[in-house]
Amino acid sequence: MFAHSPRIAFLGIGLMGTPMTRNLLDAGFSMTLWNRTTSKCEPFASEATIAGTPAEAVAEADIVITMLENGQVVDDVLVNQGALAAVKVGALVIDMSSVQPSLAREHAELAAEQGAGYVDAPVSGGTVGAADARLSIMAGGSEADIERALPVFNALGKCTRIGPVGAGQLAKLANQAIVGITIGAVSEALLLAAKGGADPAAVREALMGGFAGSRILELHGQRMIDRDFAPGAPARIQLKDMRMSLDEARAENLTLPLAQQVHNEYLALVANGHSDVDHSGLLLELEHLNGSLMGSLGRGPKH
């Protein structure tokens, strides 16, 4: 554990990073912030230090947190822009982005060369979970490093140690496979019911009380009915995660037919101009495929 309240450098003030930063500041942590678009840091200017570069941000930090869009961006910030080279001995690097497990292991080795610890800690819960400090944090790393990170994690949600470095990212891939496939199932089920003449809102309510009930049906099923696809988790990010799941499966000589099909549907959704809709907007691709809108009431021949 740290002998004092650790100073945090937070790199990536976006959809997720913004509410996470808010919760860390409210928990009393001293923070230095960096974002490629500096204006996104400005709402916190009176409470935190704003750095001009990633290396500047991490120089005095006890804990470095990255929350960036994908592995390529994380690698650019940590390696190409010199953040890892600038961390001080004894610091702890926590990557809360979703990246390839192999990349997490590479970054852990580079951190070790600097005398720093490393934890990969991707999250589930979306912007709502981030705002409410109810993120599910899937951590990979040594027990000692994760123990050091717990005061930070406790301000953001609930942490589960999955295993060694890279294991957190594997858990996130499993999470995203379930999320993507379930969004596809809910989309198909509600469209089927609506086209037969049933009210999809009533169908959703009925299903919530049975075995088909899920967080996806509860939240994203309602989004589909309301046609509210403002991004909490953009479709392009879901596509990226489905692609990483399939890459990892191939590396392990596995075939995942459901994940492959849902990946293809998200690929089509993004190709049709919907990269920034919420991932629940997969319904839009299903409607495009069938040439039919779900609507709020069924419009099938029985209506």
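## Helices α12 and α13

Helix α12 (residues 257-271) packs against helix α13 (residues 282-290) at an angle of about 85 degrees, and their axes lie 9 Å apart. The two helices are therefore roughly perpendicular to each other (a term for angles of 65 to 115 degrees, where under 35 is roughly parallel, over 145 roughly antiparallel and the rest oblique). Axes here are lines fitted to C-alpha atoms, for helices over the stretch in contact, and angles run from 0 to 180 degrees between N-to-C directions. Helices (H or I, at least four residues) and strands (E, at least two) are DSSP runs numbered from the N terminus.

On the α12 side, Glu-265, Tyr-266, Ala-268 and Leu-269 meet Leu-282, Leu-284 and Glu-285 of α13, contact meaning heavy atoms within 4.5 Å. The residues of this contact divide into five nonpolar, no polar and two charged (Ala, Val, Leu, Ile, Met, Phe, Trp, Tyr, Cys and Pro count as nonpolar, Asp, Glu, Lys and Arg as charged, and the others, Gly among them, as polar).

## Basis of the model

The model is predicted, and local features need pLDDT of at least 70, side-chain atom pairs count only at pLDDT 80 or more, and totals for chains, interfaces and linings use all residues. Residues are numbered from 1 along each chain as its sequence is written, and side-chain values use heavy atoms, with hydrogens and water left out.

## Helices α5 and α8

Helix α5 (residues 101-113) and helix α8 (residues 167-195) have axes that come within 8 Å and cross at roughly 160 degrees, which makes α5 roughly antiparallel to α8. Pro-101, Ala-104 and Arg-105 of α5 make the contact with Gln-169, Leu-170 and Leu-173 of α8, and by class this contact has four nonpolar, one polar and one charged residues.

## Val-179 in helix α8

Helix α8 also holds Val-179, which at 13% relative accessibility counts as buried (under 20% relative accessible area, with exposed over 50% and partly exposed in between, using a 1.4 Å probe and protein chains only). Not counting residues up to four places away in sequence, Val-179 touches Ile-216, Gln-238 and His-279. Of these, Gln-238 is 59 residues from Val-179 in sequence, and the two are 8.8 Å apart in space, C-alpha to C-alpha.

## Asp-62 in a loop

Asp-62 is placed in the loop between α2 (54-58) and β4 (63-66), and with 7% relative accessibility Asp-62 counts as buried. The side chain of Asp-62 reaches the backbone nitrogen of Arg-7 at 2.8 Å.

Technical notes. Polar contact = N/O pair within 3.5 Å; in protein donor to acceptor, adjacent residues only side chain to side chain.
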